Amino acid sequence: MGLRSVSVIGIGSTPFARLEGRSLLDLVNQACNEAIADAHIARDKIQSFYLGNYSAGILIGQETLAPKASYGLGLQGIPPTRVEGACASGGIAFRHGYLMIATGLIDFALVAGAEKMTEATTERNTAALAAAADELENRCGLTYAGAFGIWAHRHMHDYGTTRKQIALVSVKNKRNGMRNPRAQLKKEITTDDVLNSRLIADPLRLYDCCPISDGAAALVLCPTTIAKDYTKKPIEIMGSGQALGTINIYEADSLTAFSATIRAAKQAFEMAGLTHNRVDVVELHDCFTMAEIIDSEDLGFFEKGKGGPAVEEGLTQVDGRIPINPSGGLLSKGHPVGATGCGQVYELVKQLREEHENQVKNAEIGLAHNLGGTGSVSTVHILRRK
Amino acid sequence: MKVIECAQCHRTFIPPKFTCRACGHTDFQEKEVPGKGKIISFTTIWVAPESFMDQVPYDIAVVELADNLKITGRLIPAGKKPTIDAPVEFDQKDEKAYWFKLI
């Protein structure tokens, strides 16, 4: 296809947390300035800006965010673009920054993801989340926790996945998050804590769910051929995939897999020219505990139905065969919706630079997986240390 | 139970479509199907959106009818926990949901 190789040369992130008194643009500004400084480039080098944001219109009454954010950063005349794909907004923004450079249109892109959620009223948060759901499922009172409850029951029924295995995802990710200064929930918890927390949507309980968060993350990209002029540790994007799934639960062929993830992963692995065996570290979309088990199977790391036992056997721990979410994932790190996809790439770049606070040993190749809506859209990116 | 059928390929859908996902045709007609089916999965909602909080806990099920036609709907409270494969029957459709009862 004649695509150029592209690398990440700069990263920046706010903590993911309840960041009281700080506006969305303030958070974007911090993450972007950090990424620009980390890339050691003058900001007038940046030729394009992509921002992943889900719902600033409903949550904080702000639109036209990409021009506002890039203007606020002192960028001049560049094309500013906001993209939206619910919880996958950040991954989609990253892919578009990547494509602009890979296709040779530009040399330097700034990509960010951001969301400001914690100061919006419950009513607005509910309305914003509902806006991503299928109208019919939304009207009957289904929530996202409920959707994952439905998928969990079917997975347990078909494969014998146990409630304990599902809970262990939360125990692992919260333990990982304790070492991550950017994580929102830093708390050691036990399986019993998960199983005794209050029911949200049967069989899922409070500790099966990620928190509502504020945050922003940003990345600077350029062609790999010149990346070493800016950083000693460029991280190459080997593969990028994005795919549509179904936009509701009832029309999906399977209640135990997300076709969007399977398709996006296939694209990314084919582009990278490798298989899942070569991946050393994974940041995937664990908005709920059950999501991590399904995602880990859809991405090919485990056979369908073996994701639960894999957690129980410790295969996904930071020292396991395939470490998943050493950052703490969405469950511990938090889920500022539009920021999450860029936050995952931020965490992976730190892993591949061997600079992470919860470092996976000898991590050379990493995979980031972002999922939006009711399994509606997914992105997968494969990165490696050059 | 009323559903929508593509006028060209006769594929059935429950919520109306603008374009048939099977053949791309854009004309549809109503069709009556038997409302008997089974639960293929379910959840019980304990924390609901504000406008539903007075109803918790409530059951939501994905129901499979004949011809692989599936729909997400509400279960009429029956004092028993839903299970996968439990038979259900369509009861009514209102402004909120397709309602099913356990049989």
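Which residue forms a salt bridge with A:Lys172? I started my notebook with that pair. The model is predicted, and I read every value below as computed from it.

**Entry 1: a salt bridge in chain A**

I found A:Glu292 as the partner of A:Lys172. The closest N and O atoms are 2.8 Å apart. I then looked up where the two residues sit. A:Lys172 belongs to helix H8 of chain A, residues 163–177. A:Glu292 belongs to helix H12 of chain A, residues 289–298. Side chains of opposite charge can pair when their charged atoms come close.

**Entry 2: H1 and H3 of chain A**

Next I turned to helix packing. I took helix H1 (residues 24–38) and helix H3 (residues 65–72), both of chain A. Their axes come within 10 Å. The crossing angle is roughly 55 degrees. An angle between 35 and 65 degrees is neither roughly parallel nor roughly perpendicular, so I logged H1(A) and H3(A) as oblique to each other. I logged the crossing of H1(A) and H3(A) as right-handed.

Which residues make this contact? From H1(A) I listed A:Leu24, A:Leu25, A:Val28 and A:Asn29. From H3(A) I listed A:Leu65, A:Lys68, A:Ala69 and A:Gly72. Sorted by class, the contact of H1(A) with H3(A) has 5 nonpolar, 2 polar and 1 charged residues.

**Entry 3: chain B**

I moved on to chain B. I counted 8 strands and 0 helices there. Along the sequence the pattern reads β-β-β-β-β-β-β-β.

**Entry 4: where chain B meets chain A**

How many residues of chain B are in contact with chain A? I found 29, against 27 residues of chain A. The two chains bury about 2400 Å² between them. Carbon and sulfur atoms carry 59% of that area. I then asked which three residues of chain B supply more of its buried area than any other three. They are B:Val47, B:Lys70 and B:Thr72, with 20% of the area that chain B buries against chain A.

Last, I checked charge pairs across this interface. There are 2 salt bridges between chain B and chain A. I looked up one pair, B:Lys17 with A:Glu251. Their side chains meet in a salt bridge at 2.9 Å, N to O.

Methods
Residues are numbered from 1 along each chain as its sequence is written. Chains are lettered from A and ligands numbered from 1 in the order in which they are written. This is a predicted model: local features need pLDDT of at least 70, side-chain atom pairs count only at pLDDT 80 or more; totals for chains, interfaces and linings use all residues. Side-chain values use heavy atoms; hydrogens and water are left out. Axes are lines fitted to C-alpha atoms, for helices over the stretch in contact, and angles run from 0 to 180 degrees between N-to-C directions. Helices (H or I, at least four residues) and strands (E, at least two) are DSSP runs, numbered from the N terminus. Angles under 35 degrees count as roughly parallel, over 145 as roughly antiparallel, 65 to 115 as roughly perpendicular and the rest as oblique. A crossing is left-handed if the near helix is turned anticlockwise from the far one by less than a right angle, and right-handed if clockwise. Contact means heavy atoms within 4.5 Å. Ala, Val, Leu, Ile, Met, Phe, Trp, Tyr, Cys and Pro count as nonpolar, Asp, Glu, Lys and Arg as charged, and the others, Gly among them, as polar. Buried area is the accessible area (1.4 Å probe) that two parts lose on being put together, summed over both. A salt bridge is a side-chain nitrogen of Lys or Arg within 4 Å of a carboxyl oxygen of Asp or Glu.
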